[in-house]
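Here is a short report on a two-part model. Look over the sequence and the fold, then read on.

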Amino acid sequence: MSETAAALALMAPPEAVKAPAYTAEELARYDGIVQRYARHVYNIAYRMTGNEADARDLSQEAFLRVYRALRRVEPGAPLESWLYRIVSNLYIDLLRRRPKARVESLDAPIDTPRGELTREFPDVAANPEAVFEREHIDGAIQQALGVLSPDLRMVVVLSDIEGFAYEEIAAILRVPLGTVKSRLHRARQVLQVRLRPYVAARRRGWQV
Amino acid sequence: MNHHRAGRLLSAYVDSELTAAETRAVQAHLLDCAACRDAYENLRAARDLLAGLPPAEPEGEFWAAIRGPVMRRATAAASAGWAGRLRAQLWPAPRAQWASVARLPWPGIAGRRPGLVLAGVLIALALSALPLVRGTVDRLHATEIGVDLYVHDHAMQMGTAPLVDRAYVGLVAGDAELVLAGNTPRPVGDSVR
């Protein structure tokens, strides 16, 4: 079990908050919610955290909350806002509990006893073919997302990856529409710079 | 529209999230400004890159974890077989409003110690029935032997048995519309002598 899972378990041990015994229809309804939203929840969690273990823990915790609150959820009510806000809040909780996990600039030299080191990245010019492979570009985008602050990252994930409109994002994150616009603007400025070779290739008509 | 303002609107323009007037203004500016056209193309390419990301696929383990409750119920129903199905027919699952009552602690005791609970209920019933029975018996007795004799009996008893309740005697006597000891009965309609 990962550190996150252990922390989440401490926060709300499953034995302590027993879900009531549900009827078959209620379980079927829960299953329907899972079928409909689980992929999106996981995808958002994955793009926010950048790793599978945390994404899994976040999504599981989110669905545990859905399960416990099942009777309070109206059948057929759209859960998007509520569910994605839970994911967003859980992610912020995760960051709070892990003060050590700070964002580091990849360009900045690392201080070591033997002097300063700089990170090495695969040179785009040395092997142009490999750079544009699917896994490589996924990793590069994920890395670029990781550089953004959580607020900016969430807006980008909801807008560009999940395809929500600005108003929907404002409703999910409970921020004004103008804030969504300005965050997205700032986030894209950063992403463009981080992903320059890919952006340039894309403009030349390259597709994966 | 100036260059700076257009630059700030470009991101929303890429997403078609501007008002009609803003959209027209940005389009007009793009025709004039090569730098903004370049920035616009970059923004669009960056957005398309992100939009083209394949969705992250969770593993099977993840599905098992979040669908756990559903799966458990399904396997339990399957293993219960015909006996389980018959039981489910005879005693359908408790309705939602009863489920919250069932969560209270007290029915748990009834399940574990039925004898104890039964004894408690019987004692409570006996204690509440005792005064009713005794009161009725005493009233019958009082009317049978006559008021004066009844009160006299009890007045005598009070000297020897101090635990007899005087208030209770008074109550019984009053209830039966008797005249208390010391007062002679007055004929009705003879209030003025």
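## Chain B

In chain B, residues 24 or more positions apart account for 55% of the contacts with a separation of 6 or more. Two residues are in contact if their C-beta atoms, placed from the backbone, lie within 7 Å. This is a predicted model: local features need pLDDT of at least 70 and side-chain atom pairs count only at pLDDT 80 or more, while totals for chains, interfaces and linings use all residues. Residues are numbered from 1 along each chain as its sequence is written, and chains are lettered from A and ligands numbered from 1 in the order in which they are written.

Chain B has ten helices and zero strands. Helices (H or I, at least four residues) and strands (E, at least two) are DSSP runs, numbered from the N terminus. Along the sequence, the pattern of chain B is α-α-α-α-α-α-α-α-α-α. Chain B holds 193 residues, of which 15% count as buried. A residue is buried if 20 or more other C-beta atoms lie within 10 Å of its own, exposed if 12 or fewer, and partly exposed in between; C-beta atoms are placed from the backbone.

## Chain A

Chain A has ten helices and two strands. From the N terminus on, its elements run α-α-α-α-β-β-α-α-α-α-α-α. Of the 208 residues of chain A, 33% count as buried. Take the contacts in chain A between residues at least 6 apart in sequence: 68% join residues at least 24 apart.

## The nonpolar core

The largest nonpolar core has 64 residues. Such a core is a set of buried Ala, Val, Leu, Ile, Met, Phe, Trp, Tyr and Cys residues joined through C-beta atoms within 7 Å. Which members touch the most other members? They are Ala45(A), Ala62(A), Val87(A), Val155(A), Val156(A) and Leu10(B). Helix H2 (residues 24–49) of chain A gives the largest share of this core, nine residues.

Leu10(B) touches Val26(B), Cys36(B), Ala39(B), Tyr40(B) and Leu43(B). That list leaves out residues up to four places away in sequence.

## Two helix pairs in chain A

Two packed helices are described by the angle between their axes and the distance between the axes. Axes are lines fitted to C-alpha atoms, for helices over the stretch in contact, and angles run from 0 to 180 degrees between N-to-C directions. Helix H3 (residues 52–68) and helix H4 (residues 80–97) of chain A pack at about 130°, with their axes 10 Å apart. That makes H3(A) oblique to H4(A). Angles under 35 degrees count as roughly parallel, over 145 as roughly antiparallel, 65 to 115 as roughly perpendicular and the rest as oblique. On the H3(A) side, Asp54(A), Leu58(A), Glu61(A), Ala62(A), Arg65(A) and Val66(A) meet Leu83(A), Ile86(A), Val87(A), Leu90(A), Tyr91(A) and Leu94(A) in H4(A). By class, this contact has nine nonpolar, no polar and three charged residues. Ala, Val, Leu, Ile, Met, Phe, Trp, Tyr, Cys and Pro count as nonpolar, Asp, Glu, Lys and Arg as charged, and the others, Gly among them, as polar.

The axes of H7(A) and H9(A) come within 9 Å and cross at roughly 95°. The two helices are therefore roughly perpendicular to each other. H7(A) brings Asp151(A), Leu152(A), Val155(A), Val156(A) and Ser159(A) to the contact, and H9(A) brings Val180(A), Arg183(A), Leu184(A), Arg186(A) and Ala187(A). The classes here are six nonpolar, one polar and three charged residues.

## Where the chains meet

The contact between the chains takes 38 residues from chain A and 30 residues from chain B. On the side of chain A that touches chain B, H2, H3, helix H6 (134–147), helix H7 (150–161), helix H9 (177–194) and helix H10 (196–203) each supply at least two residues. H2(A) gives the most to that side, with nine residues. The residues of that side divide into 21 nonpolar, seven polar and ten charged.

## Single residues

Most residues other than glycine have a negative phi. Arg174(A) has a positive phi of about 55°. It sits in the loop between helix H8 (166–173) and H9 of chain A. With 10 C-beta neighbours inside 10 Å, Arg174(A) counts as exposed. Ser16(B) also has a positive phi of about 55°. Ser16(B) lies in the loop between helix H1 (3–14) and helix H2 (20–32) of chain B.

Gly146(A) is in helix H6 of chain A.
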